[in-house]
Amino acid sequence: MNGAQLHLLTNHFPVIGTLLITALLACGLYLRNETVIKISLGFFIFIAVISLPAYFSGEEAEEAVEHLAGVSHHNIHEHEEASLFAIIAMEVLGVLAMAALLFKNNFKILVRVTAVVSLIVLALMFRSAWLGGKIMHAETQEKVELEK
């Protein structure tokens, strides 16, 4: 398996995983169920780790498509920049989740901070995915009409 294939295989996990785990954490907070909250924190740590292959395989994926007709270097660059912010935020989220599990004295505040950061990560992941889709999917391109 090459880097481009790895990127295509793994790039959905951070986006969908963050969405599902954020929803799980919200349910845990709403129900005041510490077990569900701790499970969601564990999943945030897991998703932070499995997001790394998606990010680090991006360069090889770029090399595989940058020469293809219809592929915009501008779109690749935008996706690359958005992905950097998203992966940094994702790793911060993983560290916060781990801290919440380890530092029992500050559990409640760390869980709340984790919940807020998860929403930020979710937005960053959605943006990165949307920009990534613009690289090869013509249906996501903005239509530009020519003036007569």
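Is Tyr-55 buried, partly exposed or exposed? Tyr-55 counts as partly exposed, because its relative accessibility is 27%; buried means under 20% relative accessible area, exposed over 50%, and partly exposed in between (1.4 Å probe, protein chains only).

## About the model

This is a predicted model, where local features need pLDDT of at least 70 and side-chain atom pairs count only at pLDDT 80 or more, while totals for chains, interfaces and linings use all residues. Residues are numbered from 1 along each chain as its sequence is written, and side-chain values use heavy atoms, with hydrogens and water left out.

## Rings and a charge

The structure has one aromatic pair. Tyr-55 and Phe-56 make an edge-to-face pair, because their ring centres are 5.1 Å apart and their planes sit at 80°. (Rings of Phe, Tyr and Trp, the last by its six-membered ring, pair if their centres lie within 6.5 Å; planes under 30 degrees apart are stacked, over 60 edge-to-face, the rest tilted.) Phe-56 is exposed, at 60% relative accessible area.

Over at Phe-107, the charged end of Lys-38 sits over the ring, 5.9 Å from its centre. For that label, NZ of Lys or CZ of Arg must be within 6 Å of the ring centre and within 35 degrees of the ring normal.

Thr-10 belongs to helix α1, residues 3-10 (helices are DSSP runs of H or I, at least four residues, numbered from the N terminus). Thr-10 is buried, because its relative accessibility is 8%. Leaving aside residues up to four places away in sequence, Thr-10 touches Pro-53, Ala-54 and Ser-57, with contact meaning heavy atoms within 4.5 Å.

Terms used: Helix = DSSP H or I, 4+ residues; strand = E, 2+ residues; numbered from the N terminus.
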